[in-house]
Amino acid sequence: MEKRKGNAGETTLLIATAADGTSVRAAAEGEGRVILILHPGMDTGKSYAQVAARLARRYRVIRLHRRQYRLDLKTDPLRGSPCTVAEEVDHVLAMVKAASTPVFLFGHSSGGTVALEALVASPLSFAGGMIYEPASVIKSADGFHLSEDRIERNGEVGEGLKRARQALVEGQPGTAIGMFTQVVAGWPSFLANPAGALTALVPAYRRLIPCQIDDLEAMERLGVRLDAYSKLNLPVAMVCGERSPDCNKEMVAAVADVLPRVERLPLSGQGHACHVRDPKKLAEVIETFAKRVFE
């Protein structure tokens, strides 16, 4: 594993190699037991900088730049080119192997689903985990997701994803992310479309929009995995904001109901973005549970 210091000398860039030869990148800080963070969609790990800084007072915190959001690994970064969840898990396990110690794994939203899959794939690599509102398919073998979009049995994506992909082909990322918001959050078009247009005006977000569409497709194609999670014999905390949408709460409950060693942790006064709105609070929740797991 290669290490490179950042400009401030506080954060280290970690570079490892996955089984398929692709590079794995992460930011690390602090010393001690390892907490590995898998960020949510429309991000590269930067949104967790404040949470990581607080945790780094006690732990070595590694923020993986998830493979799905690595533009340098995309064959078509403007239109999207999804990797599978299994390929994302390979990147997680490569970084865990480089850490050379059992890791506490934290995952948020689609990163939470990747975290669950990593825990299932290699339970001996982890001390335990915490999952914050995973983007999990829970409703049917056909792959219902958040707002009735689905991957059909013949492998074709649902209409919402098709429209989002077409918007990317036509060079309209704002329309594409508006479609995503309608599919995932169930927003009406008169709200989703302006929000998408505003999102696309921010260069950093605009670049990640195709990745977000890729992420949704990967989550859909993964399908229902509750049976696999029911065999996971590790301590796992399921976190949910009390102000989060009902669909998020349903997914948290569905996963929590099947986990053998689960603790349910509500975030009072918070929604799906506690890491941004109150990073101190989320860091305290993570630290409290991680401490019990490591002990």
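**The aromatic pair and its setting**

Phenylalanine 104 and phenylalanine 294 are both buried. Buried means under 20% relative accessible area, exposed over 50%, and partly exposed in between, with a 1.4 Å probe and protein chains only. The model is predicted: local features need pLDDT of at least 70, side-chain atom pairs count only at pLDDT 80 or more, and totals for chains, interfaces and linings use all residues. Residues are numbered from 1 along each chain as its sequence is written, and side-chain values use heavy atoms, with hydrogens and water left out.

Now the rings. A search of the whole structure finds 4 aromatic pairs. Rings of Phe, Tyr and Trp (its six-membered ring) pair if their centres lie within 6.5 Å; planes under 30 degrees apart count as stacked, over 60 as edge-to-face, and the rest as tilted. The centres of phenylalanine 104 and phenylalanine 294 are 6.3 Å apart and their planes meet at 55°, so this pair is tilted. It links distant parts of the chain: phenylalanine 104 is in strand S6 (residues 103-108) and phenylalanine 294 in helix H11, 190 residues apart. Helices (H or I, at least four residues) and strands (E, at least two) are DSSP runs, numbered from the N terminus. Ring pairs also tie Tyr59, Phe104, Phe289 and Phe294 into a cluster.

An α-helix has 3.6 residues a turn, so residues three or four places apart point the same way. H11 (residues 279-294) has 16 residues, which should span 22 Å at 1.5 Å a residue; its end C-alpha atoms are 22 Å apart, which agrees. The expected span is 1.5 Å times one less than the number of residues.

Helix H2 (residues 85-99) can be checked in the same way. Its 15 residues reach 21 Å from first C-alpha to last, close to the 21 Å expected. Buried residues of H2 include Val85, Glu88 and His91. Just after H2, serine 100 takes a positive phi of about 60°.

Next, the strands. All 6 of the 6 residues of S8 (residues 236-241) are buried, so S8 is largely enclosed by the rest of the structure. Both of its faces are covered: Val236, Met238 and Cys240 on one side, Ala237, Val239 and Gly241 on the other. S7 (residues 126-132) runs parallel to S8, joined by 4 bridges. Two strands pair if DSSP finds at least two bridges between them. Glycine 129 stands opposite valine 236 in S8. S9 (residues 262-267) is also parallel to S8, with 6 bridges. There, methionine 238 stands opposite arginine 264. The chain crosses from S8 through helix H9 (residues 246-258) to S9, and this β-α-β crossover is right-handed. Right-handed means that, with the strands pointing away from the viewer, the path from the first strand over the helix to the second runs clockwise. Leucine 267 lies in S9 and is buried, with a relative accessible area of 1%.

Finally, the whole chain. It has 11 helices and 9 strands. Of its 295 residues, 54% count as buried.
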